[in-house]
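Please open the structure in your viewer and keep the selection tool at hand.

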Amino acid sequence: MAKAVCLNGYKRPAGAAEGAGERPAARKRRKVDGGGRGPEEKSSRLSAALFGEDCEINHDQLYELLKYAALGNCHNATQPSLCRIYHQSHLAGVVVIVLHETSQLHFYKFYLQFKHLRKVFRHRFTLSSSTNFLASLYGEGANLKPQNTAQGLNSTSSECVPKSSKLQCDPILQKYGEKKRGLTSYTLTLEEQEKNDYPIKGSPGCKGYIYTECDQQRTDSSPLFGLDCEMCLTEKGNEVTRVSLVDAQGQCLLNELVKPESTVVNYRTRFSGITKKMLLPVKTRLPDIQNRLKKMLPHDAVLVGHSLNADLQALEMIHPSVIDTSLLFARNEGRRFKLKFLAKAVLGKEIQCEQKLGHDPAEDARAALELAQFFIEQGPAKVAELNLEMLLTTEKLAEVSQNKAVLQPRQRRVQKQLNEPPRLSKPCFLDCLQMTGQKPLLLGRQELDSSGLCQSNLSTSNKQILQRALEDVPLSTFSIIQFSLGPEYVASHLLAGLCEKVRSKLTDMLTIYAGPFEKSFCLKSVKKEFGRCGPIQSLKVVTETYQPYVCIQYEVLEAAQLAVESLNGAEVAGSCIKVQRPVTAAMLDCDVLIKELELDVENEGVIYVAGLKKSLTEADLQEEFSQLQDLETLFLPKDLQSGKCRNCCFLKFQKSQSAVDALEVINGWTVKGSKLRSRNALASGHLWRWIWQMNHSNEKQGGNILCEKMEQPSDSEQDLRKEVKKLDHHIKKLYRSLQDNTLCVVLFPGVNSMHGSQSGLGLMGIKDDRGRSAC
């Protein structure tokens, strides 16, 4: 995986720890005084390390971010893991703009049309797709009910959905049914293991992995073992530093520190609890642990863990029979509960406490094991009632707030009392907002009625939504505004066409033609010279011409652009050559697109450096570039399949001028005998990863880089382009109306269709007094 390394680091300022309880009053005073920010007030800001592999986040992380932004330290909200919000208590509000039925694909297909978005929001991240993003956004699930469209925008109906019908819709019952089953019914099938990235015997990616040889047929009496590992980040990737195994009685059989083979880059002490000092005397290596586990596990053992795939991958071991509690307690849209939440809600246990230094793998393994035992012993129906209780929290706020019952430390002790389902110890995000006096605003496809329940509302146009948002957003501390492109623009066949066009254009932008060469030219010399511009994916000799040409497809946009800029007209392999991209109808605006990518606010202060030796590590590069002024972050891309380093990197500077100065210094600079080339970045963050995925999906589908398509855009695509421009204008108008110090998040939730799924995209920033997002 690619990894970004922060060179300067950051510390949490005192302002970030302030309570959120003062914020609504502070905001009210600002409104009365005219909405301005006094000289004594601090500006809220983000310190987001959304660079390299950190630019991909899941819904839980997004929920965590929004919860802390809205609530501060109230209701167990904590600083989000993906970034820091400094001076949270000074935020003027939180506004989330959701663009339904759109994905990362739409943003980059219509990149030039999204003029406002790309010039304002400097923080971007890839988001896994979801078909019901609103429920994901509220974390614990919002109550949705249809609205009578004849009632229009002002409907306040509060009819309740019957309890039994909600139970039938529970994802656990839909997956397992209501009857109790034995443990073999809950082990993952081979298909489920492949889908969730479990190491599979015979898989090409698991070469060298150790097989536990637990091949005996499983029965409902097979022994369960809880397994959990803690990992540190090394030059190789994630490596095991601690392993714990517990038996069905909760007895710890193994709790061992492991010394990684590679140099540790980040101990991740906050989560792993591992420090450099702890590992110094350790002699145990991964093969030792593999042998011990192999000997300890009986031939019919069933391993239990929470997202156990990550543990087995780090252990480099293959086990045929597993129960994954993150999948066992099923949720809609592929979302997963955190182990800490499940332990509290189901077992009444507090784990992963902030007072402790890192996680305790034995504690986590035991919690996962007990969750699986509870699920098997009680059955899906009882577990579904826990989710039902969670869904009904809004209607039972008074009951929940007066409830003083506490779940016993072990769920087995209270199984006889399960005629009444346990109550959750904390309400969901929506309820937390209302309990603190922050009435959330929800406009668009779903809206909140007077009782606080969500109602479907599909009859409202984007223009109507915008007008209401301009009026109501200033009166709310937390707002979700939902726009839509319309059903005629999100048909699955149109999405498939857009995907193919974007993939084809990306391929062309990554491709250059060089020549002509002499018939006896040295291909190795050509590959070496063009390889100094960046990682090459493929190289082919074109022989259909009078003299041979070479077609080169790069892995990154910067490499192709650098080749065009630096080698066009140069002498290579004894010939003066011309370097150009393919000429197609879709490529006519390539120069404009390249220029706009350079000017993109996300690429401010970021440069691309090529010509590095692949043997160089992040530590080597940090040392080499340490003399550059204001260098903040270094990102060394790695092949997402093999994990091997590429011969390029990205450097991010705190100031744009420092990046300009660095370009002059680096061009022609020699590092370890290798001459460097550099230019402004085009796709340094999440876009780099997405391009790699699109490029390799094209490879799988047998795409031909020599194929030129001269298709004219369809009428529906032309209309879609106009709708996108309108949408961008709506967001611009809404953004300009926001108070300074407002956190604004724009979400392209992602799309699932019969033609496949497309990942989502998020853009965020805190509006400053210049109308841009502050960082």
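Begin by selecting Phe107, Tyr108, Tyr111, Phe114 and Phe748, which together form one aromatic cluster. Please bear in mind that this is a predicted model.

A pair of aromatic rings is described by the distance of the centres and the angle of the planes. Phe107 and Tyr111 form an edge-to-face pair, with 5.9 Å centre to centre and 90° between the planes. Both of these residues are buried. Phe107 also forms an edge-to-face pair with Phe748, at 5.6 Å centre to centre and 75° between the planes. This pair links distant parts of the chain, since Phe107 belongs to helix 3 and Phe748 to strand 32, 641 residues apart.

Next, select strand 32, residues 742-748. In a regular strand the side chains alternate between the two faces of the sheet. Here, Thr742, Cys744, Val746 and Phe748 point one way, while Leu743, Val745 and Leu747 point the other way. Because 7 of the 7 residues of strand 32 are buried, the strand is largely enclosed by the rest of the structure.

Which strands pair with strand 32? Strand 5 (residues 93-100) pairs with it in the parallel sense over 6 bridges, and Val94 stands opposite Leu743. Strand 35 (residues 760-767) pairs with strand 32 in the antiparallel sense over 6 bridges, and Val746 stands opposite Leu763.

Finally, select Glu555, in the loop between strand 22 and helix 22. Glu555 counts as buried because its relative accessibility is 8%, under the 20% cut-off. Its side chain makes a polar contact with the side chain of Arg646 (2.8 Å).

Methods:
Residues numbered from 1 in each chain as written. Predicted model: local features only at pLDDT ≥ 70, side-chain atom pairs only at ≥ 80, totals over all residues. Heavy atoms only, no water. Buried < 20%, exposed > 50% of the residue type's maximum accessible area, 1.4 Å probe, protein only. Helix = DSSP H or I, 4+ residues; strand = E, 2+ residues; numbered from the N terminus. Pairing = 2+ DSSP bridges. Polar contact = N/O pair within 3.5 Å; in protein donor to acceptor, adjacent residues only side chain to side chain. Phe/Tyr/Trp six-rings, centres within 6.5 Å; stacked < 30°, edge-to-face > 60°.
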